[in-house]
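Work through the following exercises with the sequence and the model side by side, and settle each step before reading on.

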Amino acid sequence: MIGGAIGGCVAATLGVKTFAFAMPGITSIATYVDKGNNLLMTLIAVAVSWLAGFLIQLIFNFKTKKEN
């Protein structure tokens, strides 16, 4: 969730806009296509979100305790 928040902040900073309503998912990326570089900014925000989530998981490394 923190990675998603970071990605959302990056998207807002880059000025990403959507042009249609779609349910969340990989297929909704098509709603960000325009004549400019909006799609590129969207893909950057998605990559930052994924990378942030991955790095946060590595840093905190939450492990569940196994009980016998």
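**Exercise 1.** Determine where tryptophan 50 and phenylalanine 54 lie in the secondary structure, and how many residues apart they are.

Solution. Both residues belong to helix H2, which covers residues 38–60, helices being DSSP runs of H or I with at least four residues, numbered from the N terminus. Tryptophan 50 and phenylalanine 54 are 4 residues apart, about one turn of the helix. The model is predicted, so local features need pLDDT of at least 70 and side-chain atom pairs count only at pLDDT 80 or more, while totals for chains, interfaces and linings use all residues. Residues are numbered from 1 along each chain as its sequence is written, and side-chain values use heavy atoms, with hydrogens and water left out.

**Exercise 2.** Classify the geometry of the aromatic pair that a search of the whole structure finds.

Solution. The search of the whole structure gives 1 aromatic pair. Rings of Phe, Tyr and Trp (its six-membered ring) pair if their centres lie within 6.5 Å, and planes under 30 degrees apart count as stacked, over 60 as edge-to-face and the rest as tilted. The ring centres of tryptophan 50 and phenylalanine 54 are 5.5 Å apart and their planes meet at 5°, so this pair is stacked.

**Exercise 3.** Are tryptophan 50 and phenylalanine 54 buried, partly exposed or exposed?

Solution. Buried means under 20% relative accessible area, exposed over 50%, and partly exposed in between (1.4 Å probe, protein chains only). Tryptophan 50, at 60%, is therefore exposed, whereas phenylalanine 54, at 39%, is partly exposed. Across the protein, buried residues make up 15% of the 68 residues.

Note on methods. Helices (H or I, at least four residues) and strands (E, at least two) are DSSP runs, numbered from the N terminus.
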